[in-house]
Amino acid sequence: MESNGTHETYEPMTLPAFDEAAKKVKEVTLETKLIPSQLLSDRYSCQVFLKPENMQNTGAYKVRGAYYKISTMSDEERQRGLITASAGNHAQGVAFAAKRYGVKATIVMPTTTPLIKVDRTRSYGAEVVLAGDLYDEAYAKALELAEERGLTFVHPFNDLDVATGQASIAMEIIQELPLVDMIVVPIGGGGLVSGISTLAKALNPRIKVVGVEPAGAACMKASLEAGHVVALPKASTIADGTAVLEPGDKIFPYVQENVDEVVTVRDREVIDAFLDVVETHKMIVEASGLLSVAALKHLDVEGKKVVCVLSGGNMDILTMSTVVQHGLIQRDRIFTVSVLLPDRPGELVKVAESIASCGGNVVRLEHNQFVNPNRNAAVELRVTVESSGTAHKEQILNGIRGLGLDPQLVQAIL
């Protein structure tokens, strides 16, 4: 490793390098103090703390590894210009860090990247190249451009210097909560969890480090079970920031050595976690950043001090809207019911009054007179109702049944 002349030179993933990185990243990071979560602590009979990297500069932890990596480069490597591939958080981290160093950055992003992420990356002065529909295609294009233009490539996760920079999160956690029992970390390619686990074990071997992957993109779990890095044929998850097909081979041995357990969570569990965090802690955390919270129900945490790393908060508004709607439906706080009514004046009012008397709130109403050719026999009323949860929903349905009607639940319409 070459120095830029401002600090000593260390091999990556060692205590001196971790210490150096923790000091270095303070030049560009915000202080993300641990947030106690009374809701999660009560639910799981432990002490849960959130590490809110969603509040970090660029909205994610990625700036840590990017900035430290650039600091380890020679002046010649930096002045050639930097290039990387990313669909969001790493892109902004590299662009931000490059701007601080006064060097040019080129970011290759998939053509499917939301426009707001493209614009934010450009706002840091980076050149954005759109190529391919998937990260792997953008990555291939980035390597091609690096060769053509002589640029220095900064890998999103398969780089020991990058992982060393990410490990500054563990340093901060242990300094603030020395008696932490468990750190729960999202996994995409493995850079974050390899850094955090290696430093945590070096400082205190009794700290348990758990990695969490989306069930639809569990490349690290598959690799650990195989004993070597394997590639998934496909990835399908709402946690797009961790939808990685193959973990990094350079960081994989550190994960094997230092990560105690890797668990997977389903998309619906991530959606539940989104509602918990946004309603209780008033924070927007992207799906990948919520993997740690969603995993708590699968872990033995009773009586322990547990830190969940919220790795990022860069969620576009349309995705956020969809996640909120699905979350409300999952929790029975929004539901749609269909009832068949005689086509007589006052029948609709009876249903509305019944819902109101039970404390339900009508969100949408559709009255279809053409569901049956015999309108005197039946017309269909579909009502979307807001409730406080499953028990309240059943109370509302029982109220409608009390009118002699047979309410049927259908796909909620929002």
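Helix 9 (residues 168-176) is largely enclosed by the rest of the structure, because 7 of its 9 residues are buried. Buried here means under 20% relative accessible area, while exposed means over 50% and partly exposed lies in between (1.4 Å probe, protein chains only). The buried residues of helix 9 are Ser168, Ile169, Ala170, Met171, Glu172, Ile173 and Ile174. Helices (H or I, at least four residues) and strands (E, at least two) are DSSP runs, numbered from the N terminus.

A word on the model: it is predicted, so local features need pLDDT of at least 70 and side-chain atom pairs count only at pLDDT 80 or more, whereas totals for chains, interfaces and linings use all residues. Residues are numbered from 1 along each chain as its sequence is written, and side-chain values use heavy atoms, with hydrogens and water left out.

Now for the whole chain. The protein chain has 17 helices and 14 strands, and its C-alpha atoms fill a box of roughly 85 × 50 × 40 Å along the principal axes. Of its 414 residues, 55% are buried. Among contacts (heavy atoms within 4.5 Å) with a separation of 6 or more, 71% join residues 24 or more positions apart. The accessible surface, from the Shrake-Rupley method with a 1.4 Å probe and with only the protein chains shown as cover for residues, comes to about 17600 Å², and carbon and sulfur atoms hold 50% of that area.

Lys and Arg count as positive and Asp and Glu as negative, with His and the chain ends not counted. There are 40 positive and 51 negative side chains, and the centres of the two sets lie 4 Å apart; each charge is placed at NZ of Lys, CZ of Arg, CG of Asp or CD of Glu. On the surface, Asp133, Asp136, Glu137, Glu246 and Asp249 gather in a patch of negative charge. Such a patch takes residues with over 30% relative accessible area and no salt bridge, joining like charges within 9 Å. Glu137 sits in helix 7 (residues 135-149) and is partly exposed, at 39% relative accessible area.

Asp159 counts as buried, at 11% relative accessibility. Leaving aside residues up to four places away in sequence, Asp159 touches Lys69 and Ile251.

A salt bridge is a side-chain nitrogen of Lys or Arg within 4 Å of a carboxyl oxygen of Asp or Glu, and by this rule the count comes to 28. Here are some of them:

| Salt bridge | N to O distance |
|---|---|
| Glu261 and Lys208 | 3.4 Å |
| Glu279 and Arg333 | 2.7 Å |
| Arg344 and Glu347 | 3.2 Å |

Glu261 and Lys208 form a salt bridge. This pair links distant parts of the chain, with Glu261 in strand 9 (residues 261-265) and Lys208 in strand 8 (residues 208-214), 53 residues apart. Glu261 is partly exposed at 29% relative accessibility, and Lys208 is partly exposed at 29%.

Glu279 and Arg333 also meet in a salt bridge. That pair, too, links distant parts of the chain: Glu279 belongs to helix 13 (residues 267-280) and Arg333 to the loop between helix 15 (317-330) and strand 11 (334-341), 54 residues apart. Glu279 is partly exposed, at 35% relative accessible area.

In the pair of Arg344 and Glu347, Glu347 is buried, with a relative accessible area of 9%. Finally, Arg43, Asp272, Asp276 and Arg331 are linked in a network of salt bridges.

Methods
Patch = residues over 30% accessible without salt bridge, like charges linked within 9 Å, V, L, I, M, F, W, Y side chains within 5 Å.
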